[in-house]
Amino acid sequence: MLKTPFERIFQNMTRPWVMSSYLVLTVLSFIYWDKPITEAVHALDFGQGVIVLKALSWIGLSKAYLIGLPVLALVLHYVFKHIKWAFRTWFLWLCVFVPDLIAVGLKYIFGRARPELLFQEQLYGFQWLKHGHVYHSFPSGHTTTIMGFVFGLCIILPRYRVLFLCLGVAVGISRILLLQHYVSDVMTAAYLALIEVWVLQRVLQRYAPTFIEEIHG
């Protein structure tokens, strides 16, 4: 049986040596690179370029997907009678909802201080079970949202996967350049989204095969 493009991406990204290397790079980033990179970005002061970065960042806002996708799915189903695309839209919603839900839990558990606290209070790292926006840096919520959506699109429209992945990476980078997250926050969010969308697809294949058939049909 031929593997789909997304399955090939997942297979390559979950090879033991790739997973180990990615984990090592993420840990190294947390220990050695996050602070210097963030301080360098802070010193650059993008000025008017912030508008472009914010526009990219807005693409990763979860509310637009969590509210907009169900509405779109209902319209596609009951108004335009595009049943296949209604199913696909619900699948994309799940690809955003499930990773976002997990990311929220991780944010509360790890309580990582955002970059702004590095400059205001010289506070860095995990504070554990801390509440409040400034302690929700890990993992990046915007990156989780956009990468969950992107990986879902890669399953539905594999022909355009390179374009989708580039968009996801651009949003993740915008979060770093806007000093909202560290590099390791974005790296972790993207990888977790990949795993979570893969598991979601497998669960649906096991327990809702008709749903998956509509998506791929």
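Because the model is predicted, local features need pLDDT of at least 70 and side-chain atom pairs count only at pLDDT 80 or more, while totals for chains, interfaces and linings use all residues, and side-chain values use heavy atoms, with hydrogens and water left out.

**First stop: two packed helices**

Select helix H5, residues 83-110, and helix H9, residues 183-207, which pack at an angle of about 130° with their axes 10 Å apart. Helices here are DSSP runs of H or I with at least four residues, numbered from the N terminus, and the axes are lines fitted to C-alpha atoms over the stretch in contact, with angles running from 0 to 180 degrees between N-to-C directions. H5 and H9 are therefore oblique to each other, a word kept for angles that are not under 35 degrees (roughly parallel), over 145 (roughly antiparallel) or 65 to 115 (roughly perpendicular).

Now show the side chains where H5 and H9 meet: Phe 91, Leu 94, Cys 95, Val 98, Pro 99, Ile 102 and Leu 106 in H5 meet Leu 192, Glu 196, Val 197, Leu 200 and Leu 204 in H9, where contact means heavy atoms within 4.5 Å. The residues of this contact divide into eleven nonpolar, no polar and one charged; Ala, Val, Leu, Ile, Met, Phe, Trp, Tyr, Cys and Pro count as nonpolar, Asp, Glu, Lys and Arg as charged, and the others, Gly among them, as polar.

**Second stop: two cysteines**

The structure holds zero disulfides, a disulfide being a pair of cysteine sulfur atoms within 2.5 Å. Select Cys 95, whose nearest cysteine sulfur, that of Cys 154, is 10 Å away. Cys 95 is buried, with a relative accessible area of 0%, and Cys 154 is buried too, at 1% (buried means under 20%, exposed over 50%, and partly exposed in between, with a 1.4 Å probe and protein chains only).

Leaving out residues up to four places away in sequence, Tyr 182 touches several residues, including Asp 34, Thr 38, Arg 112, Pro 115 and Tyr 124.

Finally, move to Thr 38, which lies in helix H2, residues 16-44, and is buried, with a relative accessible area of 3%. Beyond its neighbours within four places in sequence, Thr 38 is in contact with Pro 115, Leu 118, Phe 119, Leu 179 and Tyr 182.

Notes: Residues numbered from 1 in each chain as written.
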